[in-house]
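Please keep the sequence and the 3D view at hand while reading.

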Amino acid sequence: MSTITHAEAYLVDIAVETVRTDAVQAFLKQETVFVEIRTADGRHGMGYSYTIGTGGTAVLALLRDHLVPRLIGADAARVEAIWRDLYASTRATAVGAITSLALAAVDTALWDLRAKTADLPLWVLAGGAKDRIPLYDTEGGWLHLSVDELVAGAKASQAAGWQGVKLKIGKPDPAEDAERIGAVRAAVGDRLDVMVDANQSLTAAEAIRRARLLEPHGLTWFEEPLPADDVAGHELLARSTSIPIAVGESMYSIGQFAEYLRRQAAGIVQVDVARVGGITPWLKVAHLAEACNVAVCPHFLMELHVSLCAAVPNSRYLEYIPQLRAVTRTEILVEDGHALAPTAPGLGIDWDRDAIDDRRVA
């Protein structure tokens, strides 16, 4: 029987592995919300979502007070029905970040259980399009780093066989952004993809201005140039530059992605499995992007996104930001600049339960 007989949620704080800053914020810590479920036949699923320093307790409260109790007695095999029921029960707070993050913790646990029941890795169960995905490095591109540090990081990634690096922009002086990007491009040549990320810090007029300054450097994409709710601004920017516009990490529903794609305001979709509400909606966004001939390059959570990238045909890149090493026993496998899809049934994340318990927030 796949009837859910036990469900619990708890919060774990994971310290950042390195200093991470962008144009609008610093990554303080990863507040990681876990959900575990068990069924009448003894099967177990474990899922999670996250915030980058605030709001974790709010996600946990929504889970404990409203969502987790609704799981008891449900058929774990009916993942879509459970997602819809939970979403409907929180309609007063949807669409919103807290609700989507809470839904994701449940949904990833259900998919973990579903894949284990089928004795398949998640990426095979969800589509099995490919068994590896190219990596790009973000860790060497943070905004506080000097030009020399940016260059050194990009050259190290290139020497390791990776195909791309991402650099943060948003300095007060646009010329400084251009100088930093230009120095990296001059150091690595034309054979390495270079992406930039403004973290929603610009106006449409300023983004158009900076795009023109950066176009000579042959960028692979211009990420989150404007606030995520400024669809019209992104549409205007996309029409004014040859650089593909990448959005999605700060979008929390399928409908938001549909609007961007409908208006041709996004050339790269960066859907985040936690922020969009789980694997169930993530796959729908990926297939929607495929129907529009747009690539998917998800934001963060590489340990889970490696499987989702492998599941769909239109994934192009996986972002390298290691953040779970403190609570896992193994890391994703990397070969020739590609992350390899895990082979174990379920999500493929080898959790260290003792380390997780040590970091639980009371």
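**Helix 6 and helix 7**

The axes of helix 6 and helix 7 approach within 10 Å of one another and cross at roughly 35 degrees. The model described here is a predicted one.

- The crossing in which helix 6 passes helix 7 is right-handed.
- On the side of helix 6, the residues that meet helix 7 are Pro 174, Asp 177, Ala 178 and Ile 181. Their counterparts in helix 7 are Glu 206, Arg 209, Arg 210, Leu 213 and Leu 214.
- Sorted by class, this contact of helix 6 with helix 7 holds five nonpolar residues, no polar ones and four charged ones.
- Helix 7 spans residues 204-214, and its buried residues are Ala 204, Glu 206, Ala 207, Ile 208, Arg 210, Ala 211 and Leu 214.
- The cover over these buried residues of helix 7 includes helix 6 (174-188) and helix 8 (231-240), together with strand 6 (193-197) and strand 7 (221-223).

**Strand 5 and strand 6**

- Strand 6, which is part of the cover over helix 7, pairs with strand 5 (residues 164-168) in the parallel sense, over five bridges.
- Within this pairing, Lys 166 has Met 195 in strand 6 as its bridge partner.
- Strand 6 is largely enclosed by the rest of the structure, because four of its five residues are buried.

**Helix 1 and helix 2**

- Helix 1 (residues 56-71) and helix 2 (residues 79-89) have axes that come within 10 Å and cross at roughly 150 degrees.
- Helix 1 and helix 2 are therefore roughly antiparallel to each other.
- The crossing of helix 1 and helix 2 is right-handed.
- Helix 1 contributes Leu 67, Arg 70 and Leu 71 to the contact, and helix 2 contributes Ile 82, Asp 85, Leu 86 and Ser 89.
- The contact of helix 1 with helix 2 has four nonpolar residues, one polar residue and two charged residues.

- Three strands make up an open sheet with antiparallel pairing, and their order is 1-2-3.
- Strand 1 (4-15) and strand 3 (44-51) are the edge strands, each of them pairing on one side only.
- On average, neighbouring strands of this sheet are turned by 20 degrees against each other, with direction ignored.
- Strand 1 and strand 2 run antiparallel and are joined by 11 bridges. In this pairing, Ala 9 has Val 35 in strand 2 as its bridge partner.
- Strand 2 (residues 29-39) also pairs with strand 3, in the antiparallel sense and over eight bridges.
- Opposite Thr 32 stands Tyr 50 in strand 3, and opposite Val 33 stands Ser 49, likewise in strand 3.
- Four residues lie between the strands in the hairpin of strand 2 and strand 3, where Gly 42 takes a positive phi near 85 degrees.
- Nine of the 11 residues of strand 2 are buried, so strand 2 is largely enclosed by the rest of the structure.

**Tyr 10 in strand 1**

- Tyr 10 belongs to strand 1 and has a relative accessible area of 2%, which means that Tyr 10 is buried.
- Which residues does Tyr 10 contact, leaving aside its neighbours within four places in sequence? They are Thr 32, Val 33, Phe 34, Glu 36, Met 46, Leu 60, Arg 64, Arg 353, Ile 356 and Arg 360.
- Two of the residues that Tyr 10 contacts, Thr 32 and Val 33, are also those that stand opposite Tyr 50 and Ser 49 respectively.
- Tyr 10 and Asp 357 are 347 residues apart along the chain, and their C-alpha atoms are separated by 9.9 Å.

**Ser 157 in helix 5**

- Ser 157 is located in helix 5 (residues 147-159).
- Is Ser 157 buried or exposed? With a relative accessible area of 5%, Ser 157 is buried.
- Beyond residues up to four places away in sequence, Ser 157 touches Asp 137, Trp 162 and Val 165.

Note on methods
Residues are numbered from 1 along each chain as its sequence is written. This is a predicted model: local features need pLDDT of at least 70, side-chain atom pairs count only at pLDDT 80 or more; totals for chains, interfaces and linings use all residues. Side-chain values use heavy atoms; hydrogens and water are left out. Axes are lines fitted to C-alpha atoms, for helices over the stretch in contact, and angles run from 0 to 180 degrees between N-to-C directions. Angles under 35 degrees count as roughly parallel, over 145 as roughly antiparallel, 65 to 115 as roughly perpendicular and the rest as oblique. A crossing is left-handed if the near helix is turned anticlockwise from the far one by less than a right angle, and right-handed if clockwise. Contact means heavy atoms within 4.5 Å. Ala, Val, Leu, Ile, Met, Phe, Trp, Tyr, Cys and Pro count as nonpolar, Asp, Glu, Lys and Arg as charged, and the others, Gly among them, as polar. Buried means under 20% relative accessible area, exposed over 50%, partly exposed in between (1.4 Å probe, protein chains only). Two strands pair if DSSP finds at least two bridges between them.
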